[in-house]
Amino acid sequence: MIFKILLVVMAIGFIFPRIVRWVFRLFLKDQFSRVEREFRQEKAQNRQREGKVNVDYAPPQKEGYKGGDYIDYEEVKE
């Protein structure tokens, strides 16, 4: 009777950590692949936008407008 209990405890102590390790590896592999997939999608979206310019609104140009006013300033030494 004690031999059977000891055998079961040893079997559980031997098999259980391996099962937990296997499940943990599967979980990590799934997480890493998901993060990698999201990173590649994000990179692909950024690559598509590169070099593309969209102007939604351009204000109308005033006739005879030559730029802003010149403001004279002095440097102040501290």
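**View 1. Accessible surface of the protein chain in this predicted model.** The surface comes to about 9,100 Å² (Shrake-Rupley method, 1.4 Å probe). Carbon and sulfur atoms hold 60% of that area. Buried residues (under 20% relative accessible area, 1.4 Å probe, protein chains only) make up 0% of the 78 residues. Local features need pLDDT of at least 70, side-chain atom pairs count only at pLDDT 80 or more, and totals for chains use all residues. Numbering runs from 1 along each chain as its sequence is written, and side-chain values use heavy atoms, without hydrogens and water.

**View 2. Fold and extent of the protein chain.** The chain has 1 helix and 0 strands (DSSP runs: H or I, at least four residues; E, at least two). The radius of gyration over C-alpha atoms is 34 Å, well over the 12 Å of the globule rule (2.2 Å times the number of residues to the power 0.38), so the chain is more spread out than a compact globule. Its C-alpha atoms fill a box of roughly 105 × 45 × 15 Å along the principal axes.

**View 3. Arg 18 over Phe 14.** The charged end of Arg 18 sits over the Phe 14 ring. It lies 3.9 Å from the ring centre. The criterion is CZ of Arg within 6 Å of the ring centre and within 35 degrees of the ring normal.

Key: Buried means under 20% relative accessible area, exposed over 50%, partly exposed in between (1.4 Å probe, protein chains only).
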